[in-house]
Amino acid sequence: MCNGYLGRQLFILFLLPPLFRMAQWYQLQQLDSKFLEQVHQLYDDSFPMEIRQYLAQWLENQDWEHAANNVSFATVLFHDLLSQLDDQFSRFLIENNFLLQHNIRKSKRNLQDNFQEDPIQMAMIICSCLKEERKILSSARLSNQMEVGSIQNTVIGMLDKQKELDAEVKGVKNHVIDVEQDIKTLEDMQDEYDFKCKTLQNREHESNSTSQEEYKKEQMHLNKMFLSLDLKRKEVVNKIVQLLNATEHTQTALINEELVEWKRRQQTACIGGPPNACLDQLQNWFTIVAESLQQVRQQLKKLEELEQKFTYDPDPITKNKQVLQDRTHSLFKQLIQSSFVVERQPCMPTHPQRPLVLKTGVQFTVKLRLLVKLQELNYNLKVKVLFDKDVSEKNSVKGFRKFNILGTSTKVMNMEESTNGSLAAEFRHLQLKEQKNAGSRTNEGPLIVTEELHSLSFETQLCQPGLVIDLETTSLPIVVISNVSQLPSGWASILWFNMLSTDPKNLSFFLNPPYAKWSKLSEVLSWQFSSVTKRGLNADQLSMLGEKLLGPTSGGSHDCLIPWTRFCKENINDKNFPFWLWIEGILELIKKHLLCLWNDGCIMGFISKEKERTLLKDQSPGTFLLRFSESSREGAITFTWVEGSQIELVLLSPAEPQFHSVEPYTKKELSAVTFPDIIRNYKVMAAENIPENPLRFLYPDIPKDNAFGKYYSRPKEATLPGSSLQKICSPCLLKNLMRCLGWWTQQRLTL
């Protein structure tokens with residue numbers, strides 16, 4: 001899940017020589033808070049941030065990508081990592097830092113418990129984190145470029161909107177301060193009026209102490225004071241009304257616009273889209289408004305005290321206090337309830353890039369956050385997690401499965417566990433177990449397992465003097481699987497839902513799934529590649545996929561509609577597997593065997609055979625390109641090269657260029673020999689039975705060794721699978737060609 005920098009602790013930074021001070025982790029430290037928040041979300045108990053920080057330089061110097069595909073190397077790095085932690089522990093021992101000694105021992109035990117038997121899993125997690133960190137750095141750089149570029153019109157608009165909202169929030173805060181000052185003035189005026197009244201009453205009881213004329217003057221003065229007091233009370237009440245109007249307007253923008261947009265961005269990020277924006281700015285706004293409403297509640301109590309000391313008819317405080325109290329309570333309740341959000345959606349640590357798909361019996365994590373950060377709420381909100389609460393589908397959809405939650409299902413929200421000091425609760429050790437009903441399970445329901453959507457609900461209660469507010473939020477819909485083989489289909493459901501729906505409670509979505517526009521689906525497909533590699537899909541690649549889904553006559557039109565069944569359930573063309581499972585197989589092949597070649601742009605990948613021949617026919621003999629097989633469900637890659645001049649010599653007439661393709665290579669063969677080595681050592685039998693490599697230029701004209709040389713095995717050549725004569729996709733065609741040229745030998749072509 002990551003790429004990038006985060007800062008090391010200062011003592012580590014000072015220990016490093018200057019050459020290394022701009023290492024990835026240190027660069028991350030320099031980023032704005034919105035990018036740092038993305039880094040924070042990369043690390044959890046499976047690989048804690050403490051280790052990333054303590055061993056930053058060492059971690060970045062290791063080849064984790066290689067380790068993720070080589071169990072021997074992964075084991076070596078695992079034990080090296082433990083040794084590094086021992087060295088770090090010794091440093092803390094010398095420094096007599098007991099807390100850090102405890103933390104690093106705990107981290108080491110957790111690593112041993114989690115990865116002793118599966119060091120490749122650790123290597124995959126670290127590789128993923130480093131990769132995501134680099135993506136965050138790239139996003140930060142792009143953000144900086146956009147700030148000075150012409151593309152920034154949209155960004156400027158968003159910034160202007162943020163500035164406007166920021167000004168509104170500050171306006172609410174300043175308005176509260178003004179009202180506070182007015183109430184103090186009102187209290188002083190009332191105290192003075194009360195004192196004057198009592199003084200005049202005392203004089204009235206003293207005989208001959210005050211003349212009738214003086215008494216009338218003082219009475220008139222008191223009347224003026226009363227009118228001023230009444231006017232001030234009306235003014236204060238009116239200002240509070242205006243304050244609540246402004247608060248409601250600002251709060252509506254926060255809840256109905258900013259928070260809704262953040263939740264939509266979260267959905268997009270969950271399915272591989274751009275990383276979601278940081279919640280810190282929203283939290284700051286929510287907190288200021290909440291503090292302002294808390295102050296208004298106190299101000300209304302103060303007005304009530306003033307009313308109890310002195311009232312009259314018609315008293316503006318008496319007339320309006322209940323309405324103002326109810327409205328303030330309503331706004332505060334709405335704000336608090338809306339601020340309770342799922343910051344990090346449910347996800348299995350073993351599959352960090354596939355959130356919302358949970359397997360029974362496998363632990364998953366989920367993080368809650370309250371955007372109102374009030375100190376008095378720290379350790380006062382106990383969150384409980386429930387599964388499928390109030391889900392009508394449990395009773396209305398036939399065959400709908402039911403599950404129990406195992407593990408610690410309650411957690412107290414606090415500010416200490418969160419690295420950024422937010423009020424949060426993270427559930428780290430939850431599991432699901434299916435309820436077994438009496439009798440055998442029926443499969444006659446309208447939904448298959450991976451179309452069945454469920455949800456996690458989270459409840460807590462805020463209790464303050466005179467105030468009790470129930471809080472509840474739900475996760476995005478989740479798919480529950482019982483076998484890892486169901487993961488690809490489950491992920492397809494997550495993609496389709498979050499691409500087309502914004503209602504997390506629409507768990508009946510797949511009873512009648514809507515169509516998707518190709519313009520949207522193509523973007524989501526590209527995200528599946530860019531989220532796990534450095535490259536998404538270009539227009540040509542997407543055009544080929546569009547034709548595969550929609551047919552050649554569609555031209556990949558953006559307005560074309562694609563049904564759910566066509567995407568994930570129906571077999572494509574004459575193959576025995578659906579479109580999505582074919583894409584999933586290719587993704588796995590890239591991640592495990594072709595990542596560097598894909599990132600370098602060496603693989604054209606998605607191109608039809610017709611387009612392939614069009615591109616190659618005018619190229620020099622020996623020009624080849626790499627594409628993914630359309631006939632392999634598990635993912636396979638092949639190459640095609642062009643040959644032309646030899647035929648013209650034999651036939652003494654112009655001839656069409658000849659194209660040759662090899663039988664696709666699958667993960668089985670690529671696990672034995674790397675693809676660059678296969679390309680380097682590929683041979684076919686040429687004239688006089690001399691084997692030669694027909695591959696010379698990677699399309700359009702890149703010398704083969706320039707493109708792949710840095711990935712060749714060293715120092716010896718790899719042993720290729722199969723016989724010395726490599727497998728060719730069209731053996732009959734090649735046999736006739738060789739006969740024509742007098743090259744045919746009795747050696748058998750292997751498939």
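Which residues are buried in helix 17? They are Gln541, Leu542, Met544, Leu545, Gly546, Lys548 and Leu549. The model is predicted.

1. Overall content. The protein chain has 25 helices and 21 strands. Of its 751 residues, 48% are buried. Taking contacts in the protein chain between residues at least 6 apart in sequence, 72% join residues at least 24 apart.

2. Helix 7, length and buried residues. Helix 7 covers residues 71-94. Its 24 residues should span 34 Å at 1.5 Å a residue, and the end C-alpha atoms are 35 Å apart, so the two values agree. The buried residues of helix 7 are Ala74, Leu77, Phe78, Leu81, Leu82, Leu85, Gln88 and Phe92.

3. Helix 7, ends. At the start of helix 7, asparagine 70 places a side-chain oxygen within 3.0 Å of the backbone nitrogen of serine 72. After the helix comes asparagine 96, with a positive phi near 60 degrees.

4. Helix 15, length and burial. Helix 15 runs over residues 487-500. Twelve of the 14 residues are buried, so helix 15 is largely enclosed by the rest of the structure. Among the buried residues are Trp491, Leu495, Trp496 and Met499; these residues also take part in the packing described next.

5. Helix 15 against helix 16. Helix 16 covers residues 518-530, and its axis lies 11 Å from that of helix 15, at an angle of about 135 degrees. That angle makes helix 15 oblique to helix 16. The crossing of the two is right-handed. From helix 15, Trp491, Leu495, Trp496 and Met499 meet Lys520, Leu521, Val524 and Gln528 of helix 16.

6. Helix 16 against helix 19. The axes of these two helices come within 10 Å and cross at roughly 35 degrees. Helix 16 passes helix 19 in a right-handed crossing. Helix 16 contributes Leu525, Gln528 and Phe529 to the contact, and helix 19 contributes Phe579, Trp580, Ile583, Ile586, Leu587, Ile590 and Trp598.

7. Helix 17, length and surroundings. Helix 17, residues 539-550, has twelve residues. From its first C-alpha to its last it reaches 16 Å, close to the 16 Å expected at 1.5 Å a residue. Its buried residues, which include Leu542 and Leu545, pack against helix 16, strand 13 (561-562), helix 18 (564-568) and helix 19 (579-599).

8. Helix 17, ends. The N-terminal end of helix 17 is capped by asparagine 538, with a side-chain oxygen 3.1 Å from the backbone nitrogen of aspartate 540. Glycine 551 follows the helix and has a positive phi, near 100 degrees.

9. Glutamine 267. This residue lies in helix 11, residues 212-270. Its relative accessible area is 3%, so glutamine 267 counts as buried. Its side chain makes a polar contact of 2.8 Å with the side chain of asparagine 498, a buried residue of helix 15. Apart from neighbours within four places in sequence, glutamine 267 is in contact with Leu476, Phe497, Asn498, Ser501 and Thr502.

10. Arginine 265. Arginine 265 is also found in helix 11. Its relative accessibility is 30%, so arginine 265 counts as partly exposed. Its C-alpha atom is separated by 7.9 Å from that of proline 275, ten residues apart along the chain. Setting aside neighbours within four places in sequence, arginine 265 is in contact with Asn276 and Ala277.

11. Glutamine 464. Strand 9, residues 456-464, contains glutamine 464. With a relative accessible area of 16%, glutamine 464 is buried, the cut-off being under 20%. The side chains of glutamine 464 and glutamine 294 are joined by a polar contact of 3.2 Å. When neighbours within four places in sequence are left aside, glutamine 464 is in contact with Gln294, Arg297, Glu376 and Leu377.

Methods: Residues numbered from 1 in each chain as written. Predicted model: local features only at pLDDT ≥ 70, side-chain atom pairs only at ≥ 80, totals over all residues. Heavy atoms only, no water. Helix = DSSP H or I, 4+ residues; strand = E, 2+ residues; numbered from the N terminus. Buried < 20%, exposed > 50% of the residue type's maximum accessible area, 1.4 Å probe, protein only. Polar contact = N/O pair within 3.5 Å; in protein donor to acceptor, adjacent residues only side chain to side chain. Contact = heavy atoms within 4.5 Å. Expected span 1.5 Å × (residues − 1). Axes fitted to C-alpha atoms, helices over the stretch in contact; angles between N-to-C directions. Parallel < 35°, antiparallel > 145°, perpendicular 65-115°, else oblique. Left-handed = near helix turned anticlockwise from the far one by under 90°.
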